[in-house]
Amino acid sequence: MRDEVIITGIGGQGIQLMAKTLALAATRTGLHAMLASDFGGEMRGGPSQASVVVDDEQLRSLPILPAARSAVVMHHKHSAFALDRLVPGGLAVVNSSVADPAAIGDAEVVAIPAVDIARAADAPNAAGFVMLGAYVTLRQLVGVAALGDAMRELVPPYRAQHVAANLRALDAGAGAVLAE
Amino acid sequence: MNGTVPARQLLDGCAAITESAIAAGCRFFAGYPMSPFTGLLENMSRRLPQVGGHCLNAESEIEAVNMALGAAAAGVRAATGSCGQGLALMQETIAELALNELPLVIVNMARNQQDYFQATRGGGWGDYRTITLAPKDVPEAVEHAQLLFHLADRYRAPVLLYGDPLIAQTHVSVDVAARDFGQLPAKDWALDGTSGGTGHSRQIWTWAMGKVSAPGPGPDRHWRAVAAKFEQIARDEARSETHQIDGAETVVVAFGSAGLFVEHVVDELRADGHRVGLFRPVTLWPFPGADLAVATRNASRVLVFELNAGQMLDDVRQFAHDRGVVRFIGGVSIHASGLSFGPLLDAAPIRSRILEATA
């Protein structure tokens, strides 16, 4: 097993696109992935989470993960599901621009001020990709370039103007981890 | 994108079943949107025209299943689907398909497991059953989709795939390739466009009375033959899977996604020293009763976990009634939206229920 991660946040933060980007990048690089999403019907602000499992072999993972080795916390609201299932000592990558890393229990907490980093990278809407770049660099799951390719494939034509900023955000997230 | 399918793709269950059905030769689909079935209709509507097929968004489920009946009568590999609520509307036509011997794949992308009786007992009229495969996850749904087209043609009968919201919406890296299940007889019964009055027109009629020039067997002989065919299917097509069954004092019976969850919990419990195993009916009809009897031969306790009020329980009791204990540990559990499973479909509550029942 490479990793299991629950990405949690609120609608509008890009949780689902982050998860799809990760799962597609893993698939495109020859790994196996499972992605299970759960989100509310609200346009913005409702619960949004996604579980991604990445492995070298064919997966038979539960779509509702009983436990996860990693959590990516974009927002503290609705994060109980992810944090309750995070294994003791697991990795919690926390968007410290919004959520309080000190509130996370028994975990290896990595605070990433993703909103601030995204603004500095001139990609203010792409804090999620900052977090994704940081997470894959910590876990060494797939390369940032593979994430970029997957993101490009997933972003619809009418959002193509955001691709360059998303790529800057992925790099900035990876850079924030490597600079530590 | 053309008709070719790249080796490994990240697809949700609806897209994966669509690709698998197309690989199996499905060229006609009709349906009416209903969550979580809608994804299948959307994928079919996008993909079938790319491979020279047809997909129609019907005005109701009744219309959809009858359109699919028409395509099947013309010899095309055809499919339809809905949720259990939509399949309720289709029951009359499913009975007609069974009794006039037309092959059709019907996908019940169910909202939960409350359609077990509907799938295994049928709601139409006459002596018929529907072969029903209940995959535990997306990769198995891909296999089942292709197998179902083969079984439908082999037995000239409507067949069911029992999916659910987790299978519909979970994305998995899957390899979709056409599978070979062996030779099938030519569809020499299919309507070929020859019209009445030519002396050559073909007829597909539930009552099988035939034409003045070529009388058919009539309802008595025909329906006895159909009933005998379903008896043969019951003998030959039951499928099941066991997990950690050796030395199991307690055997948990679960189907579909619930089976996958129980499989996981059984592994956890085995690691803690509990002698628990899983029996999973892969075909809901024919129910693999003989396999269940063998799998539970040395068990003192049989537990049934399903997300309904206890429907498969009837079938389990039929074949495992003489085991020490047969106990229902499932229940109705519905998401607040009404469109998916509730909190009971999760490893922790399933573990608690098994432990409570074995204490």
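Trainee: What makes B:Ala68 and B:Pro158 residues in contact with B:Leu104?

Mentor: Contact means C-beta atoms, placed from the backbone, within 7 Å. Leaving aside neighbours within four places in sequence, B:Leu104 has B:Ala68, B:Leu69, B:Ala72, B:Ala78, B:Ala79, B:Thr80, B:Leu97, B:Ala152 and B:Pro158 as contacts. So each of these C-beta atoms lies within 7 Å of that of B:Leu104. This is a predicted model, where local features need pLDDT of at least 70 and side-chain atom pairs 80 or more, while totals for chains, interfaces and linings use all residues. Residues are numbered from 1 along each chain as its sequence is written, and chains are lettered from A and ligands numbered from 1 in the order written.

Trainee: Why is the set of 179 residues called a nonpolar core?

Mentor: The term covers buried Ala, Val, Leu, Ile, Met, Phe, Trp, Tyr and Cys residues joined through C-beta atoms within 7 Å. Buried means 20 or more other C-beta atoms within 10 Å of the residue's own, placed from the backbone. The largest such core has 179 residues, and B:Leu104 is among those with the most contacts inside it. The core draws at least three residues from each of domain 1 and domain 2 of chain B.

Trainee: What are the bounds of domain 1 and domain 2 of chain B?

Mentor: Domain 1 is 8-175 and domain 2 is 241-358. The bounds come from an automatic or database domain assignment. Their C-alpha centres are 26 Å apart. In the contact, 24 residues of domain 1 meet 21 of domain 2.

Trainee: How do you know that E2(A) and E8(B) pair?

Mentor: Strands (E, at least two residues) are DSSP runs, numbered from the N terminus. Two strands pair if DSSP finds at least two bridges between them. E2(A) and E8(B) have 2 bridges, in the antiparallel sense. So they meet the cut-off. One bridge joins A:Leu35 to B:His171 in E8(B).

Trainee: What makes strand E6 of chain A and strand E1 of chain B edge strands?

Mentor: The open sheet runs E6(A)-E5(A)-E4(A)-E1(A)-E3(A)-E2(A)-E8(B)-E1(B), 8 strands with mixed pairing. E6 (107-112) of chain A and E1 (8-12) of chain B each pair on one side only. E6(A) pairs with E5(A) in the parallel sense over 6 bridges. A:Leu91 has A:Glu108 as its bridge partner in E6(A).

Trainee: How many residues does the contact take from chain B and from chain A?

Mentor: Chain B gives 17 and chain A gives 16.

Terms used
Two residues are in contact if their C-beta atoms, placed from the backbone, lie within 7 Å. Helices (H or I, at least four residues) and strands (E, at least two) are DSSP runs, numbered from the N terminus. A residue is buried if 20 or more other C-beta atoms lie within 10 Å of its own, exposed if 12 or fewer, and partly exposed in between; C-beta atoms are placed from the backbone.
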